[in-house]
Amino acid sequence: YVWPSPQLDALEAVRFDQLGFNTLSATTLASFIQPCDQFTFPPSSNSGRSNAADWIRTAYHDAATHNSTDGTGGMDGSIRLQAEHARAEMRMPSLSGPSSPLRIGKLGYFELLRSSHLRLKYSGGPEIAFRGGRLDAAVPNAPGVPVPEQGLASHIASFARQGFTQTEMIGLVACGHTFGGVQHSFFPDIVNVLIDPTSTEDVAHFDSTFVTFDNNVAAEYISGTTKSPLVVGFNDTTNSDKRIFGSDGNVTMLSFANSPELFTSTCANLFARMLDTVPSGVELTDVITPLPVKPSVNLIMNGDTLQLSGLVRLWNTTEDPTRTVRVLWHDHVGGTGNGTANFLDTSSSTGGKYTATWYGFNSTVFSFHPLLLDPVAGVTSLSFLVDGNLEDQGGLGFAIQDGFMLSQTSCQGGAPVRNGVNPSRVYLEQINIDSVQRRSITENDITPPSQPVAANSAYSLWSMNLCQSFEHS
Ligand code: HEM
């Protein structure tokens with residue numbers, strides 16, 4: 001995609017700026033995943049549970065309400081609503097209690113569910129195509145999460161309703177059940193108290209490598225060594241994986257056992273489909289891939305000076321003291337200014353697979369100095385020179401809007417509007433989050449200047465007082 005696109009920029013950052021510099025510490029998803037081989041609510045290394053497994057199951061339970069015939073349900077965060085997650089078919093701890101991750105960091109619910117992408121990758125799993133655009137539901141979906149005591153015909157029908165064939169059902173269950181296991185506390189009819197110091201929450205695992213994405217779930221099933229409580233559990237009524245895995249004469253499970261590559265590629269595909277199972281009317285974006293060069297820019301008016309500060313991220317690059325990065329800004333009167341962007345730090349993504357380097361316009365990690373621009377000339381776009389090579393999004397440049405901005409004073413003060421823009425209305429959108437993490441937007445009008453604006457001034461100051469609304473947001 002082309003920068004700037006506020007929503008895609010934000011989603012791209014959620015997915016790809018995970019650890020290290022500029023990763024929005026309180027809201028970075030990686031802080032919820034790590035360690036993904038343990039359980040962090042509360043922290044415990046020998047509970048037998050894992051963050052990765054917990055959230056992948058949560059994501060599936062949200063998706064499993066989908067009805068492909070009438071287009072209702074699916075990945076819409078409805079599982080966060082008490083009426084839905086308290087259902088017997090969920091059998092999971094409260095998602096809104098004091099230790100819930102939803103309480104931490106005020107994330108939109110979907111940002112959390114999307115984190116199953118990261119969890120998979122951090123656990124050795126495949127990278128999954130990442131699309132944005134899901135919407136948080138306001139009301140619960142119809143029930144429909146499969147439970148182990150249902151028979152095979154009922155499971156086939158349930159996955160068909162969700163949009164998956166029988167073969168895909170076998171695949172999706174195997175892909176999910178390479179992680180985690182069944183807990184005694186929620187399923188005493190399936191798992192006994194284990195008296196195992198490495199599984200203090202009495203979790204009987206689906207395979208021997210329950211924190212890792214691998215095809216052992218299939219290999220152990222085919223070799224007859226599986227200890228899965230849903231295959232060889234003492235209660236045959238709840239051996240749903242035995243019925244599902246064997247439903248095509250073991251053809252699919254055998255192919256997974258024989259080929260880790262096939263298992264991985266099948267799961268990447270099925271997990272992507274599961275995460276993209278959305279109610280009709282929701283349009284997902286194209287797959288979001290990281291921008292090779294991504295600025296993050298702040299433009300304000302300070303007195304009579306236009307101040308441009310910012311960062312630029314170079315994707316998939318490591319620190320290189322000999323690299324030079326220059327920032328070029330193009331203005332309304334055909335001029336181009338230029339300044340240095342200095343190395344600040346690195347960040348990493350996808351379990352350390354990618355490293356990105358960050359540069360600050362005219363700044364070092366210890367001191368941030370904005371670039372001072374002539375307000376009359378303004379700024380229309382940026383481009384960068386990286387080791388002398390022009391980076392300008394293939395000729396488009398990185399467009400900057402200088403028609404409206406905030407003045408340096410915070411909530412009380414001015415909103416400079418560039419002369420010639422002549423807006424009929426200027427307002428700020430304020431994002432509010434309610435008690436069930438639903439977002440709404442209110443608009444705050446900004447008052448036009450009472451005096452006529454002098455013809456030779458670059459900007460007129462519209463005024464606002466948002467201190468009160470900011471305090472309450
Ligand atoms: C017929 C379909 C399915 C049934 C009956 C079923 C049943 C179960 C049960 C009973 C548990 C134990 C939960 C607990 O004790 O906390 C479980 C765990 C789990 N399920 Fe499934 N499941 C099904 C399909 C899936 C699918 C399609 C996925 C993902 C794609 C999935 C992912 C998981 C994961 C990751 C866990 C481990 C959770 C943890 O250890 O915290 N399941 N499943």
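Author: Welcome! In this model, α3 gives the most to the shell around the ligand, with five residues. The model is predicted: local features need pLDDT of at least 70, side-chain atom pairs count only at pLDDT 80 or more, and totals for chains, interfaces and linings use all residues. Residues are numbered from 1 along each chain as its sequence is written. Helices (H or I, at least four residues) and strands (E, at least two) are DSSP runs, numbered from the N terminus.

Reader: How many residues surround the ligand?

Author: A residue is near a molecule if its C-beta atom, placed from the backbone, lies within 6 Å of it. The closest are Ala 53, Arg 57, Gly 176, Gly 180 and Gln 183. α3, α8 and β4 (181-183) each supply at least two residues of this shell.

Reader: Are α7 and α8 roughly parallel or roughly perpendicular?

Author: The axes of α7 (residues 152-162) and α8 come within 9 Å and cross at roughly 95°. Axes are lines fitted to C-alpha atoms, for helices over the stretch in contact, with angles from 0 to 180 degrees between N-to-C directions. Angles under 35 degrees count as roughly parallel, over 145 as roughly antiparallel, 65 to 115 as roughly perpendicular and the rest as oblique. That is why α7 and α8 are roughly perpendicular.

Reader: Is Gly 337 buried, exposed or partly exposed?

Author: Gly 337 is found in strand β9 (residues 336-349). A residue is buried if 20 or more other C-beta atoms lie within 10 Å of its own, exposed if 12 or fewer, and partly exposed in between, with C-beta atoms placed from the backbone. Because Gly 337 has 16 C-beta neighbours inside 10 Å, it counts as partly exposed.

Reader: And how far apart in space are Gly 337 and Ala 142?

Author: In sequence, Gly 337 and Ala 142 are 195 residues apart. In space, C-alpha to C-alpha, the distance between Gly 337 and Ala 142 is 58 Å.
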